[in-house]
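Subject: Structure handover

Hi,

Here is the structure for you to look through. Please open it beside this email, as my notes follow below.

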Amino acid sequence: MNITEKELNKFLDDIVDIHGVTSLNIPELIEEYGEDICYYPYAISVGILMDEKIVDHIPQTRKNKKYASDYVDEYFGSIDIINEKSEKICEFIKNNGYDATYIRLSGKCRTLNLKKKYAQKTTANLAGLGWIGKSDLMITPKFGPRLTWATILTDMPLKIKERIKSRCGDCNICTNICPSNAIEGKYNSKTCLEFINNEINRLGFKMICGMCLYSCPYGRKINGKYLKN
């Protein structure tokens, strides 16, 4: 017996923090990733929220080895969690009348042949869950960029959501706080990575910067209340 979209949404509400639907049958995506990117007619973007307390300690990670280790563990641990949840979602869909697979946060898919690693924020952006910020992070109105993403691909008929416009406006908090100056103009991933590697060598322990993720007013709370949503 096939499940309804309402039943799927209830399952998703119980297992992830945010989700939305789109189609990846877009000429630009096909050109970049190959025909397999639209092998399935629908794509579900799913996200899980990172540990708030750990993210709030990001400013101390370059001085405190424990906070740095906590954030590294949370960063990579959330990837394992979203992959596990994606497996469960695909299993749920396949056990209820439709086919499904998923693209890992790494950008790879076991069942599809993609020309390059897929950017998860693409699905979330197209599914109307948020916008790509000046930091090149996917930003949602409620949780900001404090999420880990995966993409579920399926042949289950679903309603596609509309994209929303960027709400960054004149805000330059992430640009000004970036210790590597990687967000001046267009985000430069090479500059960001070089800074992190230099810091690891200087500090003598593993760390991930994350200041742009921490500082975004979308997702941040003061006294338990979101600054923006």
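Aspartate 136 sits in the loop between strand E4 (131-132) and E5. Keep in mind that this is a predicted model. Phi of aspartate 136 is near 75 degrees, a positive value in a residue that is not glycine. Most residues other than glycine have a negative phi. Is aspartate 136 buried, partly exposed or exposed? Its relative accessible area is 31%, so aspartate 136 is partly exposed.

Asparagine 181 also deserves a look. This residue has a positive phi of about 60 degrees, although it is not a glycine. You will find asparagine 181 in the loop between H6 and H7. Its relative accessibility is 46%, so asparagine 181 counts as partly exposed.

The largest pocket holds about 1,100 Å³ of space. Its lining has 35 residues, and aspartate 136 is among those closest to the centre, along with Tyr75, Leu105, Leu137 and Tyr187.

Next, methionine 138. This residue belongs to strand E5 (residues 138-139). Its relative accessible area is 4%, under the 20% limit, so methionine 138 is buried. What does methionine 138 touch, leaving out residues up to four places away in sequence? Its contacts include Lys121, Ala124, Asn125, Trp131, Pro145 and Trp149. Isoleucine 3 is 135 residues from methionine 138 along the chain, and their C-alpha atoms are separated by 30 Å.

How many cavities of 30 Å³ or more does a search of the whole structure find? The count is 1. About 130 Å³ of space lies in the largest cavity. Its lining is made of 16 residues. Cys168, Cys171, Cys174, Cys216 and Pro217 lie nearest the cavity centre. Helix H6 (173-177) and H8 each contribute at least two residues to that lining.

On to the sheet. It is open and has 4 strands, in the order E1-E2-E6-E3, with antiparallel pairing. Strand E1 (18-22) and strand E3 (100-103) are the edges, each pairing on one side only. On average, neighbouring strands are turned by 25 degrees against each other, direction ignored. E1 and strand E2 (residues 42-49) run antiparallel and are joined by 5 bridges. Threonine 22 stands opposite alanine 43 in E2. H4 packs on the sheet and touches E2, E3 and strand E6 (147-154). The direction of H4 makes about 25 degrees with that of E6.

In soluble globular proteins, nonpolar side chains tend to be buried together. The largest nonpolar core here has 21 residues, and Ile58, Tyr71, Ile196 and Leu213 touch the most other members. Helix H3 (52-56), helix H4 (65-94), helix H7 (189-203) and helix H8 (211-215) each supply at least two residues of this core. A second, separate core has 19 residues, including Leu12, Ile15, Val16 and Ile93.

Best wishes

Notes. Residues numbered from 1 in each chain as written. Predicted model: local features only at pLDDT ≥ 70, side-chain atom pairs only at ≥ 80, totals over all residues. Heavy atoms only, no water. Core = buried A, V, L, I, M, F, W, Y, C linked by side-chain atoms within 4.5 Å. Buried < 20%, exposed > 50% of the residue type's maximum accessible area, 1.4 Å probe, protein only. Pairing = 2+ DSSP bridges. Axes fitted to C-alpha atoms, helices over the stretch in contact; angles between N-to-C directions. Contact = heavy atoms within 4.5 Å. 1 Å grid on protein atoms, 1.4 Å probe; cavity = no way out; pocket = protein on both sides within 12 Å on 5 of 7 lines; lining within 4 Å. Points joined across faces, edges and corners; volume = space filled by probe spheres on them.
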